[in-house]
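Subject: Structure handover

Hello,

Here is the structure I said I would pass on. Please open it first, then read the notes below with it on screen.

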Amino acid sequence: MKISGSNTLTAPVDQVWGAMLDPAVLARCLPGCESLTTTGPDEYAMRVTAGVAAIKGTYDGQVAITDKDEPQSLRMKASGSGAPGTIDAVVDVRLAPHDGGGTVLSYDADATVGGTIGGVGQRMLAGVTRKMAGEFFTALDNDIATGGAVAVEPELAMAGAPAAQAPTPGVGAVYAGRAPAPGGFDLGDAKGFVLGTVLGGALVAIGVLLGSRLGRRR
Amino acid sequence: MTTRQFGAPVQRREDPRLLTGGGRYLDDLGHTAYEAAFVRSPYAHARILEIDTDAAVDVDGVIAIYTHEDLPGAVGEPLPVLIPHPALTAARTGYPLAKGEVNHVGEAVVMVVATNRYVAEDAVDRIVVRYEQLPPVVGIENAREAAHLVHEDAPGNVSAHLVQEVGDVTSAMAGAPHTLTLELDIERSACMPMEGKGVYARWNSDDESLRVYSSTQTSTGVRACVAAKLDLPLAKVECIAPDVGGGFGVKIMHPWPEEVLVPWASRNLDHDVKWTEDRREHFISSAHERGQLQEVTVGFDDEGRMLALDVRFWHDNGAYTPYGIIVPIITATQLLGPYKPGSYRVEFFSLYTNTVLVTPYRGAGRPQGCFAMERTMDAIAAHLGIDRAEVRSRNFIQPDEMPYDHGLMFQDGRPLKYDSGDFPASLAKLKELVGWDDFADYRAQAEAEGRKVGLGIGCYVEGTGVGPYEGGHIQIETNGRVNVATGLTTQGQGHQTSLAQIVADELGVPIENVHVTTGDTRRMAYAVGTFASRAAVMSGNAVALAAKVVRAKALRIAADALEVSPEDLEIEDGVISVKGAPGSSIDLGTIAVMSNPLRYAFDEAAKKATQFAGTFDVEKPPIGDDDEPGLEGQDFYSPTQATFANGMHAAIVETDPVTAEIRILRYCVVHDCGNMINPLIVEGQVHGGVAQGVGGALYERMVYDESGQLLNASFMDFLMPYASEVPFIETDHLETPSPLNPLGIKGAGEAGTIPVTAVIASAIEDAEGFPITSMPISPPELWALRRAHARKDAS
C-alpha cells in the first residue's frame with residue numbers, strides 16, 4: 001500500500017525537524033502511543049494501541065530513522081505486530097519552508113499490512129492513515145507551539161536514575177504516551193468505534209500504521 | 001400403475017425442513033464442546049523464529065495451546081498427497097500446524113482450545129509469534145521467473161510438468177494454411193459456500209472410539225485419514241457429514257489441518273472439541289482455483305477446420321499440492337470440448353506461489369479450458385470472416401463418431417473417450433433459443449438507439465461421474481419404510497429427492513416411504529465422495545442396483561409364501577401381488593417380517609416370524625445356505641470410464657458506451673446430461689452454476705498484493721453476484737442417454753458454470769470489436785481497453 005500526502009505546519013522547518021527527532025515529542029503526539037523507548041540512536045521501540053473499525057489491538061513495533069539530511073528529509077522504517085495484524089513500512093519524509101512561513105511536510109509511505117487488518121480493513125487503511133497522519137502533524141504543531149506544555153518527563157528504565165538527570169535521552173529511556181487519547185479523533189458521525197491509525201512516528205512517524213482511539217459518542 | 005418417478009419434476013423433499021430452519025449444520029452440533037481457534041500466519045512466506053504463548057496460558061477458560069512441537073507421530077507429519085501422479089515430481093504439502101516455515105497468509109501456526117470460541121480467540125490474540133520474513137512469490141509471472149522459490153527444494157517453483165500429444169502437431173502446424181496465437185489470462189476465484197468448513201469430534205474414552213462430524217464432501221475420505229493419522233482401527237472411527245451448507249469443491253479436499261487436529265485434540269483432552277471456520281479463515285486458509293496463463297497456437301484450413309492445436313499453460317497451484325494436479329489435467333483434456341483438434345499437443349507447468357492452495361472449484365479446470373478453446377474458435381471465425389457458430393459446427397465431433405476417443409488420458413487415469421452427445425443438434429437448439437440468425441437485426445436496432453450489444457457463445461464437454469465406485473444399501477423395515485444409504489455426501493444437490501425417485505421406481509413403493517441417508521460411514525462405509533458431477537451417475541446407479549437386489553429378494557420370499565413363481569409377481573405401492581390376481585397379495589413390510597426369522601417378538605408384526613407361528617417349512621433351515629436375514633441388500637456401481645455431458649450457452653450483453661458497465665440481457669443454455677432423473681433439480685443445478693459462472697466472468701477475483709496479502713478477504717470487497725446480477729436463464733434440454741450406465745444418465749452439477757466466462761468474453765468482444773483475452777473483466781478494465789484500442793486505431 002502506497003500512501004502519499006502533505007501537511008502544512010505553522011512551525012518553521014528547523015523546529016519541526018527537531019520535534020520529529022525528539023522522542024518525548026513523538027510519544028506525546030503519536031496517536032495511540034502508550035510508550036516509546038529509545039533502543040539506540042534514532043531507534044525506538046514503541047507500543048501503540050490502534051485499530052480499524054472493530055479490528056483493534058496493541059502493537060509492539062520498532063522505528064528507525066535513517067538517511068537524515070537535516071533539515072530537509074529523512075527516512076523512517078517501522079515494523080510492528082499485534083493481534084490484529086502486522087505492519088512494515090518505509091516512509092520518506094521531506095520538509096520544506098512554506099511560502100507564508102511554516103513548514104510543508106510531505107511524505108511517501110510504502111506499507112505492507114498483513115493479518116486480519118490487511119484483508120478486511122484494507123480499503124479503509126489509506127483514508128484512515130492519512131487522517132491519522134494529519135492529526136499527528138497537528139498535534140506536533142501544537143506541541144511545538146506550546147513548547148511541550150504538557151510534556152511528560154521521561155522515566156528512565158534503569159532503576160534509580162532520576163529522570164531529571166538525563167540531559168539527553170539515552171538508550172532505555174521510556175516516554176509515556178497519551179494513549180487512550182480521549183476525544184482525540186472524532187470522525188463526526190462515526191459510531192463511537194475505534195478507528196485507525198498508525199504506528200506512526202514521524203509520519204505518524206512511520207507510516208503510520210493503524211489506528212488509535214477515536215472519540216466515543218457520549 | 002404407480003406413477004413413474006424417474007423423469008418427473010418432483011419438488012425437493014428436503015426443502016421444507018431446510019427452509020424452516022430444521023437443518024443441522026456443523027455449528028448446530030456440539031453444545032458441550034470445547035472450541036478451537038487458530039493463530040494464522042500474517043505473512044506469505046516466513047520462517048517462524050519463536051512462538052510465545054505465555055500471555056495466553058493465563059486466559060481464563062483456555063484448555064490447551066498446541067504448536068507443531070506438541071503434535072505426536074503422524075499427526076505432526078505432512079498432510080497426505082491425496083492424488084499422486086508421475087508428473088507431480090515435486091509434491092509438497094503443509095503440516096497441520098506450521099513447522100518452522102509458513103508458505104501463505106492464513107496457514108495455521110498455533111491451535112488454541114478453550115471453553116468457547118470467544119475465549120479461544122482472546123487467547124489467540126495474546127500469542128506472539130516472531131517471524132523472519134522471506135521473499136514471497138506471488139502471481140504466475142513471478143513463479144515462472146523463479147527469482148525466489150516457495151519451496152527451496154522445488155526448482156523453478158514447478159510442482160509438475162506434463163505434456164500430452166496426439167498426432168504430429170509440429171508438422172500439422174507447419175502445413176496449416178493459417179495459424180493464430182492467443183495469449184490468455186484467467187484470474188483466481190473461490191467456491192465460497194455459505195457454510196464454511198467445520199469439524200466436531202467426540203472421543204469416547206470408555207470404548208476408545210471416535211465420532212467425527214465434518215462439513216465435508218467425503219466422509220469416508222476423512223474417516224480413513226483420521227484413523228491413519230491417529231493410529232486408530234478404522235472400526236473405531238466413524239465420520240458423518242451433517243447438513244452441509246454448500247461445498248462446490250473446496251470440501252472434497254481433505255484432510256484439512258483442522259480435520260486432523262480437532263479429532264486429535266478431542267482424544268488428547270478426552271472431551272468433545274469443535275471448530276467452525278469463519279469467513280476470513282475461509283478466504284485465507286481454505287482453497288482457491290482458476291488462476292492460469294495460457295498460450296494457444298492453432299493451425300487451420302480455409303474453412304476454419306482445426307489441423308493442429310498447440311497449448312501451453314501455467315497453472316497457479318498455490319503453496320501446496322495436496323490434491324495433486326487434477327485441476328490442470330482437467331484443463332488440458334477438457335479444453336477440447338466438442339471439437340476435433342486435428343492434432344493436439346498440450347503442455348502445462350503447475351507452479352508454486354505463496355498464496356492459498358488451489359484445489360477444484362465447481363468446473364475444476366474446465367472453465368479455463370473452455371475459455372482457451374472458445375476464444376480460439378472466435379479468433380478463427382474473426383480471421384476468416386466466418387460465422388462463429390459455423391466455425392464451431394465445422395469442428396464438431398459428429399454423433400456417428402461416438403464413442404469418440406481423443407487419445408488422451410483423463411483425470412481418472414482412463415481414456416478421454418466421449419460416450420455420447422449430439423453436438424449439431426445442441427447447437428441447432430441453442431441458435432433457435434437465442435435467435436442467433438436474427439441477431440444482426442437486433443444489433444442494428446440497438447445501434448440505432450445508441451446502444452452497444454454483443455452476442456457470445458460457448459460450448460463445452462464435461463467428463464462427469466468418474467469412478468472408482470459408489471455403493472447403495474437398501475433395507476426395508478417391517479412397517480414398509482425403505483432406508484436407502486449411499487456413502488457420498490450431500491451439500492445441496494437434492495439427493496433425498498432424486499435418489500428416492502430412483503428407488504421408488506425400482507422397488508414399486510411410494511416415494512414417501514423412501515428415506516435417503518448420505519455421507520454417514522455408519523450406514524455405508526465404502527464410498528468416494530461428491531465431486532466431478534458424479535453423485536447422480538454413481539450413487540444413482542448404485543441405489544438402482546441395490547434396489548434390484550432387494551426387489552429380487554422380496555419377490556423370492558413372496559413367491560414362496562404365495563406359492564407362485566417370482567416372474568408372476570409385481571410390486572405396486574409397496575404391495576406384492578400376483579399379476580392378474582390382485583386379491584392374492586402381500587405387502588413389503590410383511591415380507592420384511594418373514595425375511596428375518598425370530599425367536600423373540602418385539603411387536604405385533606414380529607409375532608408372525610417367531611418359531612411357533614407355524615409360518616415356515618420345518619424341512620428347511622430358517623435361513624437358507626446362500627441367504628441372509630433381513631429384507632435388505634447392497635450393490636456397487638463401478639464404471640469403466642466417465643460419462644461425458646455437454647452443453648452450449650449463448651448470451652447477449654450490453655456494454656454502456658460511456659461507463660463500460662456490462663449487463664447481461666439474455667442468457668440461454670442448452671444442456672445434455674442424458675436422461676434426467678428430475679428436470680427441476682437439473683434446472684436448479686444449471687441456474688446455480690450459471691450464477692457462479694457470472695461471478696467468475698464479471699466480479700470475482702482474489703486481489704493479492706505483491707507481498708502475498710489477500711486484500712479483499714471479506715464479502716465487503718470480494719464481489720459475488722446477487723440476484724440482481726444474475727440474468728433470467730432460458731434453458732432447453734437435449735437428452736442423449738449415456739450407454740455406459742443402466743439409467744442412461746450423465747452428471748449435471750458443474751455444467752452451468754463451465755462456459756460462462758468464455759460466453760461473456762465472446763459477447764463483450766462482439767459488442768466492442770476488439771479481443772477480450774483476460775477474464776474476469778470489470779467496467780474499469782473494459783473502459784481502459786477501449787482507450788487502448790482507440791489509441792492504437794488512431795496511430
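How many residues does the contact take from chain B, and how many from chain A? Chain B gives 15 residues and chain A gives 14 residues. Please keep in mind that this is a predicted model.

The two chains

Between chain B and chain A, about 1,200 Å² is buried, and carbon and sulfur atoms give 47% of that area. On the chain B side, B:Arg280, B:Leu711 and B:Met716 supply 36% of the area buried against chain A, more than any other three residues. The side of chain B that touches chain A has six nonpolar, five polar and four charged residues. Zero salt bridges are found across this interface. Polar contact is found there in four residue pairs, with both residues at pLDDT 80 or more. For the complex, the predictor gives an ipTM of 0.71 and a pTM of 0.90.

Confidence

The two chains have separate confidence figures. Chain B has a mean pLDDT of 95, and 100% of its residues reach 70 or more. For chain A the mean pLDDT is 69, with 67% of the residues at 70 or more.

Where in chain A is confidence lowest, and where is it highest? The lowest is in strand E10 (residues 195-197), with a mean of 29. The highest is in helix H1 (residues 13-20), at 89. In chain A, pLDDT is also below 50 over residues 180-218, a stretch with 140 contacts in the model beyond near neighbours in sequence. Over residues 150-169 of chain A, pLDDT stays under 50 as well, and the model has 21 contacts beyond four places in sequence for them. Where pLDDT is low, the predicted coordinates should not be read in detail.

Inside chain B

The domain assignment of chain B gives domain 1 (32-134 + 197-244 + 251-285), domain 2 (387-465 + 640-794) and domain 3 (468-637). The centres of domain 1 and domain 3 of chain B, taken over C-alpha atoms, are separated by 41 Å. In the contact between these two domains of chain B, 13 residues of domain 1 meet 18 residues of domain 3.

Domain 1 and domain 3 of chain B bury about 1,100 Å² between them, with 48% of it on carbon and sulfur atoms. Of the area that domain 1 buries against domain 3, 41% is supplied by B:Gln217, B:Thr220 and B:Val244, more than any other three residues. The count of salt bridges between domain 1 and domain 3 of chain B is zero. Seven residue pairs are in polar contact across that interface, both residues being at pLDDT 80 or more. Helix H6 (219-229) and strand E11 (237-240) of chain B are the elements that give two or more residues to the side of domain 1 that touches domain 3. By class, that side of domain 1 has five nonpolar, five polar and three charged residues.

Backbone details

Most residues other than glycine have a negative phi, and most peptide bonds are trans.

- A:Glu70 and A:Pro71 are joined by a cis peptide bond, with omega about -5°. A:Pro71 is in the loop between strand E4 (55-69) and strand E5 (73-82) of chain A.
- B:His254 and B:Pro255 are joined by a cis peptide bond, with omega about -10°. B:Pro255 lies in the loop between E11 and helix H7 (257-269) of chain B.
- A:Asp67 is not a glycine, yet its phi is positive, at about 50°. A:Asp67 is in strand E4 of chain A.

Regards

Key. Residues numbered from 1 in each chain as written. Chains lettered and ligands numbered in written order. Predicted model: local features only at pLDDT ≥ 70, side-chain atom pairs only at ≥ 80, totals over all residues. Heavy atoms only, no water. pLDDT = per-residue confidence, 0-100. Helix = DSSP H or I, 4+ residues; strand = E, 2+ residues; numbered from the N terminus. Contact = heavy atoms within 4.5 Å. Domains from an automatic or database assignment. Buried area = accessible area lost by both parts, 1.4 Å probe. Salt bridge = Lys/Arg side-chain N within 4 Å of Asp/Glu carboxyl O. Polar contact = N/O pair within 3.5 Å; in protein donor to acceptor, adjacent residues only side chain to side chain. Nonpolar A, V, L, I, M, F, W, Y, C, P; charged D, E, K, R; others polar.
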